Every structure is written in C-alpha cells, then in structure tokens.
Amino acid sequence: MKTILKAKDLCKTFSNESVQQHVLKNLNLEIEEGDFVVIMGNSGSGKSTLLYALSGMDRPTLGSIKYFDEEISDYSNDKLAVFRRNHCGFVFQQNFLNDTMNVLDNIMVSGLLKSKDRKAIAAKAKQLLAQVGLSEEVYHKFPTQLSGGEQQRVAIVRAIINTPDILFADEPTGALNSQNTENVLNVLTELNKAGQTIVMVTHDIRLARRGNKIKYLQDGVITGDLQLGDYVSKDKARHDALRAFLQEMGW
Amino acid sequence: MYRLYFIAKNNLKKKKSDALVLTGLITLAVMMMYISLSVLLGGGRMFEEIHEKINGMDWHLVAQKDGTEQVDEILSAHEDVEQMEKSDLLYVPLVKYRVDGGEEKDYSFIFRNSDAEDEVNKLNTDFKGTLSDEQILLPYYMHVSDGCEIGDEIVLDISGETYVFELAGFSEDPFYSSPMMVSMYQVFISEETYEKISTPEAMSAYMWKVCLQEGCDTVSFNKEVLDEINRDVPAVAQSYFSWSYDWATTKSATMMMADVSMGIMLVFAMILLAVTLVIIRFSIANFCELNMKNIGMLRASGYTSRQLIGSFMMEMLLITLVGGVIGIGLGTVSGDFVGEIISSLVGVSYQVGVDFFSAGCVLLFSIAVVLFITWNCSRPYGKISVLDALREGIVTHNFRKNHISLETTCQPLSLALGMKSVLCAKRKNFGILGIVTMLSLSCCIGFGMYQNFAKDISYLMRLVGSEIGDAAYVGDDLDELGAEIEQLPVVEKVLYLKKSNVMISAGEKEENVSCFGWKNPEKVQNNFMLEGCLPEYDNEIVLSKLLCDKLGVTLGDIVYLEEIQGKKDFVVVGINQHIRDMGIGGMINYEGMSRLTGESKSQQMHIYGTGELTYTEMLDYLNEKFPEREAIDIVEMSKSITGIVALAMELMCGVFLVVTVIVVFLVVYLLIKAKVIRERKNYGLYKAIGFTTRQLCMQTIMSNLPVMVTGAVIGAVSSHWLASKVALLGLSTCGIEKCEMPVAPHYMLITIVMITVVAFVIALGCSLRIRKIEPVKMLTEE
Ligand SMILES: Nc1ncnc2c1ncn2[C@@H]1O[C@H](COP(=O)(O)OP(=O)(O)O)[C@@H](O)[C@H]1O
Ligand SMILES: [Mg+2]
C-alpha cells in the first residue's frame with residue numbers, strides 16, 4: 001500500500017504568555033491508503049492537536065507533513081484551505097451543522113466548493129444519505145429537528161461528499177449515546193471497507209476496536225503501534241489484543 | 001438603580017462597537033435637531049431684537065416727493081399710527097458697483113443720509129454722524145454675496161459719475177437685509193456726499209416710516225392704508241416707482257429660506273433618529289441572542305424581568321445622554337459656522353447662542369423615544385423563562401423555511417449563501433431596506449432641488465414668475481426704443497410691461513394687487529398657467545390661484561379692478577401661479593391696462609435674443625447700439641435672489657450626502673461586525689471544510705450588499721415620483737399648485753453608486769476580520 005500522509009519530526013508548541021507547552025515532540029507517523037488509523041491517548045495528550053496538524057487545519061511549529069510528495073506544512077492559509085477542500089473531510093465531536101440551513105443544503109455547501117454541477121452533487125448527497133441510513137424525510141429538515149446520531153451522520157455525509165482522500169474524525173461519537181455511537185461507527189467501518197482512508201482520534205476503546213492500526217500518543221510522541229486485522233464484529237481475540245496493548249501502554 | 005447601572009455598564013463593555021455607533025448616530029441626530037430647532041425658534045426672535053433696538057418701523061412707504069403731501073395727513077390721521085416719520089432718500093434704479101477692484105455688477109440702490117436725525121428705524125448708533133465723506137455703510141447682505149469687508153474700496157457708478165468709497169461698516173435694517181424681500185441695496189453715506197449725488201438721475205423720494213400701536217396687525221394696516229393712499233393720492237399710484245412693506249410680511253419672507261432649509265434639516269434629523277431606533281432594535285436583539293446564557297444566569301440568580309428590561313433601558317439612557325450632550329456641544333461649537341450660513345440666508349449677522357430651551361426639548365425628546373423603543377423591544381427577552389434561556393433554547397429565527405435551495409439555485413455560491421442569510425433575517429433586512437431607501441430618497445430629492453432650483457435657475461424663475469430675458473430696460477419712452485430693437489436681427493422678441501397697483505374686488509372681498517399689463521401676453525415666457533387661457537380682449541384677466549382663492553372666484557367670474565379711471569369689470573379667463581408678490585397677482589393686456597390707467601406707456605421691456613449671442617454679448621451689443629440707454633443685466637440681478645436659494649440648496653445637498661455616507665458607513669459597519677462575531681463558529685467550520693478567506697468575505701458582503709443596493713435603487717427610483725410631491729409641499733405656501741421637479745438620472749445613479757461603493761468598501765474592510773478566524777481555534781473553543 002502507498003503512503004498517503006507522512007509526518008516527520010513533527011513539533012507543536014503552544015506559548016501562552018511566558019509558559020511554553022510542547023504538545024508534540026518530534027513525532028513521526030505514516031498513514032497508508034485504505035488504513036483505518038485510530039489515534040489513542042489520554043485526554044490532553046495532544047490527539048486533536050496532532051489530527052489538526054495532519055489535516056492541514058493548523059500548521060506544525062516544526063517538522064514536515066507530506067501528502068504523497070506534496071509538502072503542506074509551510075502552505076499559506078488559503079493554500080491550506082484549498083488543500084483541505086480537495087483532499088480532506090472532517091467529522092468533529094460536535095457536528096457543527098449550520099442551523100439556518102436544511103440538511104441537504106448543509107451538505108451542498110461543501111459539495112459546491114469543488115464542483116459546479118448542482119444536480120450531480122444533490123444526487124450524490126442523497127445517495128450518501130441513504131448509505132448512512134437516512135431516508136428522504138430528512139432532506140428538508142433542519143439540524144435542530146434531528147437526533148444527535150442523525151446529525152452526526154449528516155456531518156459524515158458532508159465530510160465525504162467531495163470524496164476526500166482522507167477522512168479525519170475527532171471523537172466523532174463523543175456526544176452520542178451508545179445506540180447512536182454504534183450507528184455512526186458502522187457507517188465509518190462500511191466506508192473504510194469501501195476503501196476510504198480514515199484517521200480517527202478517540203480515547204474510547206469501543207471506537208478503537210474498529211481500526212486496523214492503533215497508535216498510542218503519550219508525552220508528545222507515538223509510544224505504541226498495534227496492527228489489527230480488518231474489523232469483524234464480536235471478534236474476541238481482536239478485543240483481547242487491543243486490551244493487552246493498551247494495558248502495556250499504561251492506559 | 002446602581003445594580004442596573006452595573007449590568008448596563010458591563011453589557012456596554014461587551015458591545016463597544018454597537019455603543020459607539022449608536023452614540024455617533026445620536027450625536028448626529030441631536031446636533032442637527034438642536035441646530036435646526038434653535039434657528040427655527042430663535043430666528044424670528046433675533047429679527048424682533050434688531051427691530052426693537054432700532055425702534056423699527058412696522059410699515060413704510062417709498063414714493064416720489066411731488067404731489068404726495070397728503071400722505072402725511074392720511075398717516076397721522078390714522079388711529080393705529082403711534083409714530084410717523086418722513087425721511088429723504090435717493091433711488092437709483094441702476095448702479096454699477098465694484099467691490100475692491102472686483103468685477104462690475106449692476107443693482108438698484110437707495111441712498112440714505114447717515115447724518116439725518118432719525119427716530120424711527122434708526123441707524124446703528126455707532127455709525128450715526130461718524131461717516132466721513134468718503135465712507136459708506138452697506139447692507140450686511142453684501143458682505144455675504146459680494147464678500148465685502150470693512151475697509152474695502154467700493155466704487156459706485158451712478159449715471160456716468162464715479163464715486164469711490166471706503167466701506168466703514170454694515171447697516172442692519174431688517175427691511176432691507178436681503179433681496180428676498182426688497183430687491184435693492186440700501187446704503188448710507190454722509191450728508192455732504194448725499195447732496196452731491198442728488199442729481200436728477202437719482203430720484204429723490206420720501207420714505208414714510210410708521211410705528212403702529214401695540215398689537216396692530218401690520219398686514220391689514222398695509223392693505224387698508226394703501227387703499228386710502230391709492231384712492232386719494234394719485235401721485236403715488238402713478239409714480240414711476242413706489243413701494244411699501246409691512247413688518248410681518250417682511251419678517252416671514254426674509255426668514256423663509258432659512259426656515260425652509262432648517263425645516264428640511266429637522267426632518268432629516270428625524271429620519272436619522274428613526275434610523276437610530278431601528279439599529280437599537282437590532283443591537284438589543286443581537287445582544288440577547290448572543291448572551292442568552294448570561295440572561296438565564298441572571299434570571300436564575302433572581303433578577304426579575306423588570307430589572308432586566310431596566311438594565312437595557314439604563315444602557316440606552318447612558319448612550320443617549322452621552323450622544324445627546326456631545327451633539328448639543330458640537331451644535332454649540334459649530335454655532336459660528338451655522339450663524340454664517342444663516343446670515344447669508346437672511347442678511348443680518350446671526351449669532352447662534354446657547355439655546356437651553358431647544359437643547360432641553362431635543363434631549364428630552366430623544367431620550368423619550370429611545371427609552372420607549374428599548375422598552376418595547378427588550379420586553380420579549382426579559383420575559384424568557386429561566387430554563388429556556390439557560391438551554392439557549394428559544395428559537396428566535398424561523399428555521400422552518402429553507403430559503404434558496406442550493407440544490408436548485410443557479411446563483412454563484414457566494415451570492416446564494418449571502419442571500420440565504422439575508423432571507424433568514426428578514427425583519428432586520430426590512431429595517432435596513434427602509435433606512436437605505438429613505439436615505440437614498442432624501443439624497444435624490446436634495447439633488448433634484450439643487451438641479452432644478454440652483455444649478456439651472458430657469459425653472460425656478462418660471463415658478464417665481466419673473467421674466468429673465470437677455471436684457472431689460474426700465475424707464476420712460478421705452479416704446480420707440482423697443483420698436484427699433486425689434487428690428488434687430490439678433491432679437492427674437494421684445495416684451496412690454498406696465499405694472500399697476502390696483503384694488504381688486506369680487507363681492508364683499510377685496511385685495512390690493514400688483515397687476516401686470518403685457519402688450520403681448522402670449523409672448524410672456526415665465527407665465528405658469530394652471531387653467532384657462534390668456535387675456536385676449538380688454539376685459540379679460542388672468543388671476544393667480546392664490547388670489548382666486550382669496551376672492552372666492554373662478555373661471556368665468558367677474559371681478560372689479562379700481563384705478564384712476566375708476567372701477568372696471570373684468571372676466572376671469574385664466575388662472576396661473578407664481579411665487580413673486582407672495583403668490584398674489586393679476587395679468588391683463590395693454591388694452592385692459594388702458595381701461596384702468598388711461599393711456600398706457602411701457603415701464604419695462606424684456607429682450608429675448610435668438611440665441612446667436614450670449615446674454616453678455618447681447619448686453620454689450622445693445623449698450624453699444626443705444627448708448628444713451630442702459631440695458632439691465634437681468635440674469636445678474638436675479639442672481640441676488642437665486643443665489644440665496646442656490647446656497648440653501650447646496651447646503652442641504654451637502655448635509656444629506658454627508659449624513660447618508662455616515663449612516664451607511666455606521667450601519668454596514670455594525671451589521672458586518674455583528675455578523676462576523678455571531679457567526680464565528682460557522683466561519684471556522686467553513687474554513688475547515690475548505691472555504692478560503694476570500695470566499696467567506698464575498699459571502700459576507702453579499703449578505704448585506706443586495707439589501708443596500710435594493711434600498712438605494714428603490715429610493716432613487718421613487719424619487720422620480722416623490723420629488724415633485726415634496727417640492728410642491730414646500731412651495732404650496734408660496735402659492736404654487738403645480739410643480740415638476742424631475743431628478744436627472746445621473747443624480748440617481750450617483751446616489752446609488754455612492755451608497756453601493758460606501759457599503760461595499762466598509763463591508764470589505766469589516767469582513768477582513770474573517771482572515772483572523774482560524775478553523776482550529778473556533779472549533780476547540782468550547
Ligand atoms: N490553541 C491552543 N493553545 C494553547 N494550548 C492548546 C491549544 N490547543 C491545545 N492546547 C493544549 O494542548 C494540549 C493537547 O490538547 P489536545 O490536542 O486538544 O488534547 P486531546 O485532544 O488529546 O485531549 C492540551 O494541554 C491543551 O491545553
Ligand atoms: Mg481532543
């Protein structure tokens with residue numbers, strides 16, 4: 001498999017007045033096409049920071065990030081915006097849907113950035129909505145009229161409408177109850193099976209189970225790396241391996 | 001109370017820009033209201049003060065000396081007369097004058113003796129008896145119109161004789177302060193010089209000055225006593241010149257331009273206040289929606305809704321007080337400047353002092369309306385239940401409708417997104433639409449007035465009802481001269497006029513009217529007919545609409561005109577309108593005039609050229625051809641009046657434009673800033689999914705510009721219909737029934753472009769804050 005994203009000697013330092021906080025310290029990481037990478041770590045360990053750096057939402061203090069052969073760490077803000085537009089999709093803990101637009105338009109806003117063909121995008125949006133298990137009824141509803149899980153699934157559709165090369169997700173089910181969590185995770189797993197590269201941050205073992213590679217973040221570097229096979233539900237051996245790995249990491 | 005003040009103060013800190021903008025708007029509105037109100041209320045008072053100081057006359061008559069002895073008797077016998085005095089004066093219908101080596105101008109002058117012992121309408125005491133033989137006092141108006149300064153050299157050319165004077169000062173006589181009322185300059189010179197100038201060319205005349213008993217109506221006195229004089233003293237009626245004016249009419253006519261422009265300013269200030277109120281609404285709604293949680297906290301900790309509403313009112317009270325005090329301060333500081341302008345409109349030096357009464361009125365009024373609006377629109381927010389507020393649960397927008405579906409629209413993305421947010425805040429945008437429409441409309445009307453009444457005076461002169469040909473002659477023996485002039489190839493037509501003051505009556509009602517007899521009524525240019533036709537036979541007359549109303553007559557009725565030949569009947573065949581003579585007048589032909597006055601000799605002659613020569617060339621040509629007669633530069637002469645109008649219009653346009661720009665600036669600034677702050681999250685998200693700053697700026701601008709432009713266009717286009725209505729409203733008191741005031745398309749365009757450009761530039765400037773929004777910060781904020 002080809003390496004799609006490669007971070008080398010990544011550093012991120014936040015300076016608050018006099019205090020300097022080194023969140024990422026010479027971190028190295030590779031992501032291959034088709035991976036479902038799960039980044040784990042304690043709260044405050046810098047998982048989100050890493051995800052934002054990888055996805056071009058924020059620039060690292062030092063180090064390089066390569067998308068294939070393209071060095072993106074020194075891009076200007078607008079160049080980064082275009083990069084994100086063309087290659088990345090995002091799902092956040094909160095769904096950040098725009099309350100003043102209906103479901104379809106929330107997705108279209110994103111889709112129209114890349115393509116001008118309204119009909120095609122609308123059709124694709126509808127198809128994707130169906131794929132994540134949302135029926136026609138929701139098209140013209142407003143976000144506030146949906147359940148949390150439905151909202152998050154809309155957010156996923158918005159994230160993948162432009163067929164991003166990598167889908168980034170930052171604790172995508174943090175705000176959901178367990179039933180909705182399962183739904184959303186199933187959607188992600190399905191996407192990955194269809195070839196979507198996913199990078200997901202979580203500190204929840206139920207989510208971590210879904211990935212095929214687990215990276216453990218501690219003290220600003222990746223301290224552990226676990227290879228799991230493709231996800232099969234109710235796989236006891238897989239669950240145990242993950243448990244053991246996390247225990248070893250001191251989780 | 002302090003608790004309210006405390007919350008209010010904290011709230012204000014959180015919305016500094018709102019507070020600043022509102023303070024700015026209130027400052028502007030209060031300043032304009034204060035200035036206009038204090039002039040409107042104080043202008044007449046200032047005239048009264050001068051009148052009081054100089055023991056001013058309530059009525060006066062100027063007429064030739066011969067055969068007018070009887071006037072003394074009539075006046076002193078009149079029961080209303082308290083004091084009567086007769087002074088000498090010299091009347092020179094045409095003086096060429098030059099100020100400090102400047103260009104030569106023509107005007108009518110009356111010369112008065114500064115050493116005369118006058119008791120009524122005294123000359124300012126500092127000047128009496130102090131003038132040397134080379135010194136002169138001019139009316140203050142010439143300081144404004146000709147830029148005369150004390151010490152300037154004034155050269156007068158009186159029938160070929162040149163006199164050089166030094167300007168010693170300005171006289172302030174309310175009757176002769178501005179050519180709006182009496183179109184001549186009254187100047188004072190020493191007794192010696194006065195004697196020297198008394199040549200046959202300068203017509204020696206008397207001025208009868210009358211003070212009336214307390215409480216007498218000067219208008220009716222004028223009417224009454226003129227009737228008597230015209231009947232009993234034929235010398236006055238037949239005199240080549242004579243005029244009389246009463247105090248009340250003079251005062252209102254002189255103040256008219258100042259009152260009109262201040263009135264317009266007051267209306268505009270009100271519009272501004274209305275704009276402020278709309279913005280206060282936005283500001284409160286916006287603040288409440290952003291701070292729903294804080295409101296919830298306050299409610300939870302025991303604040304009543306009354307207290308919350310009270311805190312908003314306290315906030316606005318603070319803003320209004322600060323803005324109001326600054327506005328009144330600025331109004332007072334700019335008093336000199338305003339005074340200068342008013343002086344140039346009324347012709348007496350005008351001091352705008354501190355006017356506590358107006359200041360109080362304006363301040364109280366603004367506070368009252370602001371508090372009312374604040375109370376009215378903060379009530380719903382004060383009443384929100386604690387839990388709703390804490391959950392930020394109340395749905396203030398109506399999300400039920402998805403305006404402009406991105407699925408089907410074919411607009412560009414930025415525009416579509418912009419329009420979406422326009423439609424989401426419909427009520428707010430209606431408010432803005434209203435504001436911009438009003439501003440744009442008033443700008444266009446301002447431009448229209450400027451265009452029709454100041455830039456090109458021909459329409460104004462048509463409304464005034466005075467002929468402005470290329471040249472004019474006054475005096476005797478005009479008919480032979482006219483016959484010669486008519487033969488000249490460069491001359492298109494010559495109009496002959498004879499005026500007469502007549503008593504006109506219909507039934508019980510009667511009026512003293514200046515009646516115009518034209519040799520060829522059909523050739524008269526500035527005659528604005530409303531109905532009917534021109535006088536063709538010697539018993540036909542056209543009356544002004546106002547006169548018809550006063551006499552209660554209409555087309556086909558019979559009226560009686562009384563002159564030296566006795567009472568003659570005329571049929572009303574037409575109705576016209578004009579501003580001159582306060583809208584009262586009659587028009588007959590020469591045959592009609594002969595019935596009234598016997599043989600008719602022309603008194604005035606107006607020459608219209610074929611257009612081959614410009615009017616200055618025409619003047620030179622005529623003066624060369626007929627050196628013994630002096631052609632009058634009528635355009636220059638009418639400029640003394642039209643100049644005042646033009647100045648008032650320019651002033652008004654300037655104020656409208658500046659205020660419009662300021663308001664558009666403030667409104668756009670406030671809106672965009674509020675939008676950027678309120679929608680930071682959405683912007684962060686949009687950036688995360690790959691919108692560039694440029695796209696977001698465009699989208700933000702698009703959410704405001706369409707409303708602005710629409711408002712500007714609606715305002716400008718509707719001015720096409722409304723401008724004439726507004727002009728008519730203003731002129732109806734001067735006897736105008738019908739009036740067109742087209743606004744030239746390019747002025748509309750200028751207005752639209754100006755509003756658009758200002759809105760665009762400010763929107764662009766403000767939306768650049770979006771650049772600072774980083775996707776990560778926005779998303780991790782909570
Ligand atoms: N914009 C920022 N400014 C300063 N410090 C930050 C910023 N973002 C994150 N941090 C700090 O970096 C550390 C890692 O944060 P984060 O990546 O959000 O952790 P995680 O997602 O693993 O919980 C935290 O201690 C946080 O305080
Ligand atoms: Mg995090």
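Which oxygen-to-side-chain distance did I find between ligand 1 and Gln21(A)? An oxygen atom of ligand 1 sits 2.8 Å from an N or O atom in the side chain of Gln21(A).

Ground rules. I'm working with a predicted model, where local features need pLDDT of at least 70 and side-chain atom pairs count only at pLDDT 80 or more, while totals for chains, interfaces and linings use all residues. Residues are numbered from 1 along each chain as its sequence is written, chains are lettered from A and ligands numbered from 1 in the order in which they are written, and side-chain values use heavy atoms, with hydrogens and water left out.

Entry one, ligand 1. I looked for more polar contacts (pairs of N or O atoms within 3.5 Å). An oxygen atom of the ligand is 2.8 Å from a polar backbone atom of Lys47(A), and an oxygen atom is 2.7 Å from an N or O atom in the side chain of Ser48(A). Alone, ligand 1 exposes 560 Å², and the protein buries 68% of that; these areas use the Shrake-Rupley method with a 1.4 Å probe.

Next I listed the shell (residues with a heavy atom within 4 Å of the ligand). Among its members are Phe14(A), Asn16(A), Val23(A) and Thr49(A). By type I get two nonpolar, nine polar and one charged; Gly is counted as polar here. The largest share, three residues, comes from α1(A). Helices here are DSSP runs of H or I with at least four residues, strands runs of E with at least two.

Entry two, the nonpolar core. This means buried Ala, Val, Leu, Ile, Met, Phe, Trp, Tyr and Cys residues joined through side-chain atoms within 4.5 Å, buried being under 20% relative accessible area. The largest one has 241 residues, and Phe111(B), Leu156(B) and Phe453(B) touch the most other members. Helix α8 of chain B, residues 247-290, gives the largest share, 22 residues. I also noted a second, separate core of 35 residues, including Leu5(A) and Phe83(A).

Is Gly327(B) buried or exposed? It is buried, with a relative accessible area of 0%. Gly327(B) lies in helix α10 of chain B, residues 305-333. Leu28(B) is 299 residues away from Gly327(B) in sequence, yet their C-alpha atoms are 6.2 Å apart. Leaving aside neighbours within four places in sequence, I found Gly327(B) in contact (heavy atoms within 4.5 Å) with Thr27(B), Val30(B) and Met31(B).

Note on methods. Buried means under 20% relative accessible area, exposed over 50%, partly exposed in between (1.4 Å probe, protein chains only). A polar contact is a pair of N or O atoms within 3.5 Å; within protein, one must be able to donate a hydrogen and the other to accept it, and residues adjacent in sequence count only if both atoms are side-chain atoms.
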